[in-house]
Amino acid sequence: MRASIWLIPVVLFFGLAALLYASLGRDTETLPSALINKPVPAFELPELLDHQTTYTQDIFKGRWSLLNVWGSWCPTCYVEHPYFMQLASQGIDIVGVNYKDNKAKAEKYLMDLGNPYSEIIVDNAGDFALDLGVYGAPETYLVNPDGVILVRHAGELDAQVWAEKFLPLLPNEMDATVVPAAAAPMP
Amino acid sequence: MIVEIGHFAVWLALGLAVLQSFAPLLGTWKQQQSWINLARPLAKVQFLLVSLSLVALGWAFYNNDFSVTYVANHSNSDLPWGYRLSAIWGGHEGSLLLWIWMLAAWGAAVALLSRTVPASMVAKVLAVMGMIAVGFLSFMLFTSNPFARMLPWFPIDGADLNPLLQDPGLVVHPPMLYMGYVGFSVAFAFAVAGLISGRLDPAWARWARPWTTVAWAFLTVGIALGSWWAYYELGWGGWWFWDPVENASFMPWLSGTALLHSLAVTEKRNLFRAWTVLLAILTFSLSLLGTFLVRSGVLTSVHAFANDPARGTFILIFLAVVAGGSLLLFAMRAPLLQNKAGFKLLSRETFLLGNNLLLLTATFVVLMGTLFPLIGDAMDLRISISGPYFNAFFVPLTLMLMAILVPGVLANWKRHRWAALKAPLIWATVGGVITGFLASLWPEPTSFVGTLAMIMVMYVVIGHLYDWYKKATAFRQGIWRGSRRLQRSYYGMILAHCGLALVVAGITMVTHHEIERDVRMVPGDTVSVGGFDFTFEDVKPRKGPNYDAMRGTFLVEKNGRKVTYMYPEKRNYRVAQQVMTQVALRPGLIFDLYVALGEELDMPGAWAVRVYYKPGVRWLWLGALIMAIGGLLAAMDKRYRKPMPIEKQEQVA
């Protein structure tokens, strides 16, 4: 066998190391979404709790809202759920996208943990999420009254992320809605 | 003061580790026996120093010394003392100290127990382990020091340990896992030492094998404990989530399993040598990669540590030095490792090669699934990866692995006659199909894949029983005396393989036959699950040491006769202000009953309740435990303690 063959593992490893190096400091929170400052993609999907109702992208028009991609299969969703309950109780509209889930399990999840969503879009096939560029739940977007996405956050949304990424973009009259942390921050 | 002694001990350990990593190596090169002889005492003293620092940190936790930043962030004066001690590894810095302590412990064990290995080999192995220790000690001291103080203004009380970690399962899970992770550093050190000295023969494999097996056994137990903990502590009844952190421990396990089998071929047949070395490097590199993924913040996970790119950079550079350096050394030496002997297509070697390919495919599948968010980022792809992706690969891979397992055990080394293999294989297959099909009918008929899995389980068990019977009676002394003449490593193998069968049986049972009911209940309501009637009696407040709980009482009856009471809780941890679900479990060998209290619903007194019936779920962890016991038994085989004999082919492996 030629000697160069034995170098394959080294080459493969350094390829992997380069990938890891490029990912260091990778913000798992802000993502360079192609959709920032673009409208929410078009869709026509049913409501989870009432399959007679169908929504389109127009539900984002005329109000500030959060779009939260979740699923009962997603461990981190359980973690961030209490914070969404708090946001909802402060009067913030949260549109849920129930992503690749099973209706019964999703309903049980809401029954167990409470329902913070004003509307829940069912995206079983994952087509809408694909258009959004979702690569895993949870992901949360801030959408302005023109239906344009301003912020994308992948992973758990907590008080710190809310204060740093979402709150500064909200209009003044909503500045008062500083929602306290669910868990006490580390000293 | 005691904390400072611990801190100082770590610095001293770093100094000794530097000495340990070059003096013995230089000694073997310059033929200086006195330098070679330094290796063993250095490893032992290093272990004592790191032990001292671990005790010092434990002392700070025990005495609630909140001037130590790490203690203040991970403990609280209300925390029971047992959890105060386990909080040592409840965060990044302390768990790193635990990791280093285990590395030192493995080093000391090599120094103490490798009496049959030549001193020059031990010197090289310990030097390589010294280098790894230098890397980890400086990582801890320069980026994540658990002994740092918050002076002069320190908090009066601590922020408390994450409630998820306040659990007996979590007290033992990280130590077991790290014992496995770190244990593979010994296999790695042997591989590098073998590459340096150019000595990679059956004797080398025999020295490295018991260490690898023990590390593998610890990792097996560690992973099983993690799964068990997730099952009862996270409160939604699953036992594996394909979370990046779980995958980080599963990858070295898969490649470590491949390494075990490849080492067997190298020891017995002097084959697959380059392959074995490559696997040893890969397995330890995957352990380091796991560390990187968990501690660098490149992936989001429920139980990842605090994100810090500086730490990530350090581990990445370390990984590049360890894996890159050893792979380069491998590339230089591997051309010398051409196999001399050959083997026929129908032989144990072929089946073990198949085993290795399947396990490596599985490792690759997990690696891709775990790194996909990073790759997707780099290529601007948008695909999300979750359970279905992994299951799509793992079900067929496991079934194929089990299919070649039986002929692999039955076949001889070097070559086997098909005629001799045919009869037992047919027997195992026919027996497996009949008993597996019958087993799949209980408690009710299952899908095609479930039936196939049960057939494979029974096929593996019957195949091993047959092989044992054949080998025990081969001495012609009756089965009792014959069975006592078989080696420990043989029984270890049988146990480990049957443990795997039990794990697969458990996964099949729980996946296909579990019953999950999520209901709204008010006191007095009864729900029927899996033939049991659960009556919700009441919910009462209860005060724990550092939490307030609402505790539900459920009467469980079968056919009107009382079985047990179950008490699920909803706990609110006072300091962390975190609500946790404490599941009530009635564990059983055949099935578990599982009750979890959800939220109190809008109507007063009405609660969301989850009632699960989980058949076979214990087999999963029991099977893993049996695998680990098998591994330990194999590592205790007499031949590892004998001074290296002249090569002798053994009939029974």
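Student: What kind of model is it, and what are the ground rules?
Tutor: It is a predicted model: local features need pLDDT of at least 70, side-chain atom pairs count only at pLDDT 80 or more, and totals for chains, interfaces and linings use all residues. Residues are numbered from 1 along each chain as its sequence is written, and chains are lettered from A and ligands numbered from 1 in the order in which they are written.

Student: What are ipTM and pTM?
Tutor: The model scores ipTM 0.75 and pTM 0.80.

Student: And what is the mean pLDDT of chain B?
Tutor: It is 88, with 93% of the residues of chain B at 70 or more. pLDDT is the predictor's confidence in each residue, from 0 to 100.

Student: Where in chain B is confidence lowest, and where highest?
Tutor: Lowest in strand β7 (residues 578–582), at a mean of 80, and highest in helix α19 (residues 617–635), at 96. Helices (H or I, at least four residues) and strands (E, at least two) are DSSP runs, numbered from the N terminus.

Student: Which residues of chain B stay under 50?
Tutor: Residues 645–653 of chain B do, and the model has eight contacts for them beyond four places in sequence. A contact means that the C-beta atoms of two residues, placed from the backbone, lie within 7 Å.

Student: What about chain A?
Tutor: Chain A has a mean pLDDT of 78, and 83% of its residues reach 70 or more. Over residues 175–187 of chain A the pLDDT is below 50, yet this stretch has 27 contacts beyond near neighbours in sequence. Where pLDDT is low, the predicted coordinates should not be read in detail.

Student: Domains next. How is chain B divided?
Tutor: Into domain 1 (1–161) and domain 2 (515–618). The bounds come from an automatic or database domain assignment. The C-alpha centres of the two domains of chain B lie 43 Å apart.

Student: How many residues are in contact between them?
Tutor: Six residues of domain 1 of chain B are in contact with five of domain 2 of chain B. On the domain 1 side there are three nonpolar, one polar and two charged residues. Ala, Val, Leu, Ile, Met, Phe, Trp, Tyr, Cys and Pro count as nonpolar, Asp, Glu, Lys and Arg as charged, and the others, Gly among them, as polar.

Student: OK, helices. At what angle do α7(B) and α8(B) pack?
Tutor: About 125°, with the axes of α7 (residues 119–143) and α8 (residues 168–197) 8 Å apart. Axes are lines fitted to C-alpha atoms, for helices over the stretch in contact, and angles run from 0 to 180 degrees between N-to-C directions. So α7(B) is oblique to α8(B). Angles under 35 degrees count as roughly parallel, over 145 as roughly antiparallel, 65 to 115 as roughly perpendicular and the rest as oblique.

Student: Left-handed or right-handed?
Tutor: α7(B) passes α8(B) in a right-handed crossing. Left-handed means the near helix is turned anticlockwise from the far one by less than a right angle, right-handed clockwise. The contact includes B:V128 and B:I132 of α7(B) and B:F190 of α8(B).

Student: How do α14(B) and α16(B) cross?
Tutor: At roughly 20°, with the axes of α14 (residues 387–410) and α16 (residues 448–473) coming within 9 Å. They are therefore roughly parallel to each other. The crossing is left-handed. Among the residues in contact are B:L399 of α14(B) and B:M456 of α16(B). By class, that contact has 14 nonpolar, two polar and one charged residues.

Student: And α15(B) with α16(B)?
Tutor: Their axes come within 7 Å and cross at roughly 135°. That makes α15(B) oblique to α16(B). The crossing is right-handed. The contact has 14 nonpolar, nine polar and no charged residues.

Student: Which peptide bond is cis?
Tutor: The one from B:W442 to B:P443, with omega near -5°. B:P443 lies in the loop between α15 (418–440) and α16 of chain B.

Student: Where is B:N64 found?
Tutor: In the loop between α3 (39–62) and α4 (69–74) of chain B. Phi of B:N64 is near 55°, a positive value in a residue other than glycine. Most residues other than glycine have a negative phi, and most peptide bonds are trans.
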